[in-house]
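User: Hi, I'm new to this one and would like a slow walk through it. Could you start with whatever surrounds the ligand?

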Amino acid sequence: MIAAKHNPLAASLDTQLLRAQLELKNRALASSAEGITIADAGLPDNPLIYANAGFERLTGYSVAEVIGRNCRFLQGPGTDPETVAVLRTAIQNRTAVTVTLLNHRKDGTPFWNRLSITPVRDAEGAVTHFIGVQSDVTEEKLAKDALQEANERLEAASRVMKRDLAAAAEVQRSLLPVEMPHVSGMRFAYRFRPCGDVGGDCLNVLPLDGRRLGVYILDVSGHGVAAALLSVTLSHVLSVVPGRSFLYQPCPENPGQDCIAPPVQVVTRLNRHFAKATAVSQFFTMIYGILDTETAQFRYVSAGHLSPVHFRGGVARPIPEAGGIPVGLFPEATYREESITLSKGDRLYFCTDGILEAENPAEEAFGVDRMLEILTRNQDALLEGTLSSLMQCVDDWAAAAGPADDASLLAIERNW
Ligand SMILES: Cc1cc2nc3c(=O)[nH]c(=O)nc-3n(C[C@H](O)[C@H](O)[C@H](O)COP(=O)(O)O)c2cc1C
C-alpha cells in the first residue's frame, strides 16, 4: 500500500481503494443466491444488522422488516424444538453450527432451511458478530425423506420376509427324518444343508411295510422359496400317510386296498402330476427305490439324478446305469428300474448337486473324484461320521465363497 502517513494524495487513494473493496464485498454478499445475515453478538438477543437480497428472495421479508429482530421469527409450526436448542447452545457457546430446520416465509409457506452460523471474532478473539447463511433445501430434504421412508418400508418388508423364511425353514426341517429307521443289519444316515434359509433338496427313508423301506433323495431345480415349496409338497406326496401318498397304489387283486407302488410307478406318476409345475419352470431330479431289508436288494429308479455311489471291498464307484429324465420336464417320459443287492459291508451313497458342484473361491468344482476319495478314506468310520466328514470337506472347499446350492447326503449300509 502507498505510504499514506505523509502524503495526502496517497491517503485519498487508500480510502478510495478501501471503499472499492468494501463495495465489491457488499455486491458479492448482495448477489449471493443464498440468504446471508449478520447478527450483532454485542446486543441483547443477537438482532440482525444485515440481510442480503438472497434472504429477501428466500423468506419474502424485506431487509427493513428484519433489521433489529432476532431471526427466530422464521420459526413456527413444525419447527423442531430440539434443533432450535442445538442452535441456542452453539450461539451461547460461540461455536459454529449447521442445522436443517423447518422455517416459514412471510406468506406462511414452509421451507426447509439449511442454516450455517459462524461466529466472527475481533483482533482480541472476542465474538462480535454471527454470520448466518440460509439455503432452501426443501426439494433435497423431501427427496431424502421419501427415500428414507421407502428404505424403512423395504426394511420392514425384508424383516417380514426373513421371519417368513425362517418359519418356512422350520417347516422344512420338521419334514426331515427325525431319526432313521432301526433295522437290524442295516444302517442309514443323512446330512442336509440348505444354502439359504430354505432349500430345494429333500430326502427320507420310510417304512412301507414290515419288510420294505421306501428311500428317496430329490433335488428341485433352483433353490430358495419356490424350490422349497415344491420340495415340501413332494415330501407330502412321498409320505406314508395312506390316501394321499404316491408310494402306494390301489391293489389290482384287492379292490379298496392299497399296495406298495413299484418305483417306476411312483416316478411316472410324479412326472405326470408335476409336469404341470413347468408353468413355473420347475423340475426335479430324484432317485426313488424300495429296499428289501430281508434280501438287501434295492430296486430303484433314477430321474436325471446323480448316480448313487456303491462302496464295496474298499472301492467307491458311481453306478454307471443311473440316468433318466428329470421329473416335470416331459409328461410322456418313461423310466427304467435298476437293481442292486448289497453284500455285507457294502454302502450305498446318494447325494445332490450341491456336493459335487460346490465351488472353491477359484471356481473349481468339488467333483466326483474328491468325493470318492473322501468316502474311501473314511470307510472305517461309522456311516454318520463318513457323511459328516464329506459334508465338512465340501463346506471347507467352498469356504469363503459360501454354499451356492443346497447339499444333501443319504447313505445305506449293510452290516450283516
Ligand atoms: C446470524 C443468525 C442467523 C440466524 N438465522 C436463522 C434462520 O434463518 N432461521 C432460524 O430458524 N433461526 C435462525 N437463527 C437462530 C435464531 O436466531 C436463534 O438463535 C435460535 O432460535 C435459538 O435461540 P432461541 O432459543 O432463543 O430462539 C439465526 C441466528 C443467527 C445468529
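Analyst: Gladly, and please keep in mind that this is a predicted model. Sorted by class, the shell around the ligand consists of 10 nonpolar, 8 polar and 2 charged residues.

User: Which residues come nearest to the ligand?

Analyst: Out of the 20 residues around the ligand, the ones that come nearest are A39, C71, R72, F130 and G132. Two or more shell residues are given by each of these elements: β1 (35-40), α4 (81-93), β3 (97-104), β4 (110-121) and β5 (127-136).

User: And which element has the largest share of the shell?

Analyst: That is α4, which supplies 4 residues, the largest share of the shell around the ligand.

User: Where does α4 lie relative to the strands?

Analyst: Helix α4 lies across β3, β4 and β5, and its direction makes an angle of about 135 degrees with β3.

User: OK, so what order do the strands of that sheet come in?

Analyst: The order is β2-β1-β5-β4-β3, an open sheet of 5 strands with antiparallel pairing. Because β2 (48-51) and β3 stand at the edges with a single partner strand each, one side of each has no neighbour in the sheet. From one strand to the next, the twist averages 25 degrees.

User: How many bridges join β4 to β5?

Analyst: There are 9 bridges between β4 and β5, which run antiparallel, and as one example of facing residues, V120 stands opposite H129 in β5.

User: Switching topic, how is the protein divided into domains?

Analyst: It is divided into domain 1, covering 32-136, and domain 2, covering 180-414. The centres of domain 1 and domain 2, taken over C-alpha atoms, are separated by 74 Å.

User: What about the pairing of β12 with β15?

Analyst: Strand β12 (residues 297-303) pairs with β15 in the antiparallel sense over 5 bridges, and F298 has I340 in β15 as its bridge partner.

Notes:
Residues are numbered from 1 along each chain as its sequence is written. This is a predicted model: local features need pLDDT of at least 70, side-chain atom pairs count only at pLDDT 80 or more; totals for chains, interfaces and linings use all residues. Two strands pair if DSSP finds at least two bridges between them. A residue is near a molecule or strand if its C-beta atom, placed from the backbone, lies within 6 Å of it. Ala, Val, Leu, Ile, Met, Phe, Trp, Tyr, Cys and Pro count as nonpolar, Asp, Glu, Lys and Arg as charged, and the others, Gly among them, as polar. Domain bounds come from an automatic or database domain assignment. Axes are lines fitted to C-alpha atoms, for helices over the stretch in contact, and angles run from 0 to 180 degrees between N-to-C directions. Two residues are in contact if their C-beta atoms, placed from the backbone, lie within 7 Å.
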